[in-house]
Amino acid sequence: MDKVAESERSALLLDYDGTLAAFSVDRQDALPYPGVVPTLREIMRSGRTRVVVVTGRCAHEVVPLLGIDPHPEVWGAHGLEQLKPDGGYEVPPLDEEVSEALTDADQWLIAQGFEALAEHKPGSIAVHWRGLPDSRAAEIWQQVLRGWFPIAQKKLMSILEFDGGVEMRVPDVDKGDSVRTIIQGMDPKAPIAYLGDDATDERAFDALRDRGLSVLVRAEWRKTSAKLWLRPPDELLEFLTLWMEAVTGRNRRSLGLKGASDE
């Protein structure tokens, strides 16, 4: 935090689900933890920190959940999409084999009666089983892997497991690629941190290994390459508050911000 306070520019990279917000069976109910939004807003207003949300969600889904205007950068679909604060949007075109593979994967889900569990995103299709009994979730997981593996193998697609689901996606694009791209555009001495919770964030932690601070945000410990572990929501909010104080020179009390630990 001393380095953040001393630097004119820094970067704060944040996963969304499981990191800034608790998981929810209804994905549209996954709102940020109390205190997160006003603290991020103050960090952004300082003009000294580049705030980027790097998420597996579609980029446009995150904006209304955050409720910050102007919103931060959002790199959606594990970095395949880029939504800028001014509304600019970029997503690369998909080649024919990727489109065919996603169509085949979708048709297989429909044939199995799993279409209600599917989420369609640029370059990927995901199946979510959060909220289902463990035995049913394990059954769906095994069925999907058996059904999707031949499709993925034929079209050279990636199958990515995450907390509460599995996803078939375009290969060679992940959160680690997003982090490396962001780093390339920054001063080599600028402090950078990435906060994430699940296996998909490990690629980002690895990309930041020799360059910045990687932070696991999770209620329970798991094996990770992250350098720091925070339990949400209290320790997460404390970290963000320290960052906000570093870039603004003000403290939370003087701003009238109230976090989960204050309630």
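**View 1. Helix α2 passes helix α8 in a left-handed crossing.** A crossing counts as left-handed if the near helix is turned anticlockwise from the far one by less than a right angle, and as right-handed if clockwise. This is a predicted model, in which local features need pLDDT of at least 70 and side-chain atom pairs count only at pLDDT 80 or more, while totals for chains, interfaces and linings use all residues. Residues are numbered from 1 along each chain as its sequence is written, and side-chain values use heavy atoms, with hydrogens and water left out. Helix α2 covers residues 36–45 and helix α8 residues 234–248; they pack at an angle of about 25° with axes 9 Å apart. That angle makes α2 roughly parallel to α8 (roughly parallel: under 35 degrees).

**View 2. Residues of α2 meet residues of α8.** On the α2 side are V36, T39, L40, E42 and I43; on the α8 side are L236, L237, L240, T241, W243, M244, V247 and T248 (contact: heavy atoms within 4.5 Å). The residues of this contact divide into 9 nonpolar, 3 polar and 1 charged.

**View 3. Strand β7 (residues 124–128) is largely enclosed by the rest of the structure, because 5 of its 5 residues are buried.** Buried means under 20% relative accessible area, with a 1.4 Å probe and protein chains only. S124, A126 and H128 lie on one side and I125 and V127 on the other.

**View 4. Strand β7 pairs with β6 and is joined to β9.** Pairing requires at least two DSSP bridges between the strands. Strand β6 (residues 118–121) pairs with β7 in the antiparallel sense over 4 bridges, and K121 stands opposite S124. The hairpin of β6 and β7 has 2 residues between the strands, and G123 takes a positive phi near 75°. Strand β9 (residues 165–169) runs antiparallel to β7, with 5 bridges; R169 is the bridge partner of S124.

Technical notes:
Axes fitted to C-alpha atoms, helices over the stretch in contact; angles between N-to-C directions. Parallel < 35°, antiparallel > 145°, perpendicular 65-115°, else oblique. Nonpolar A, V, L, I, M, F, W, Y, C, P; charged D, E, K, R; others polar. Buried < 20%, exposed > 50% of the residue type's maximum accessible area, 1.4 Å probe, protein only.
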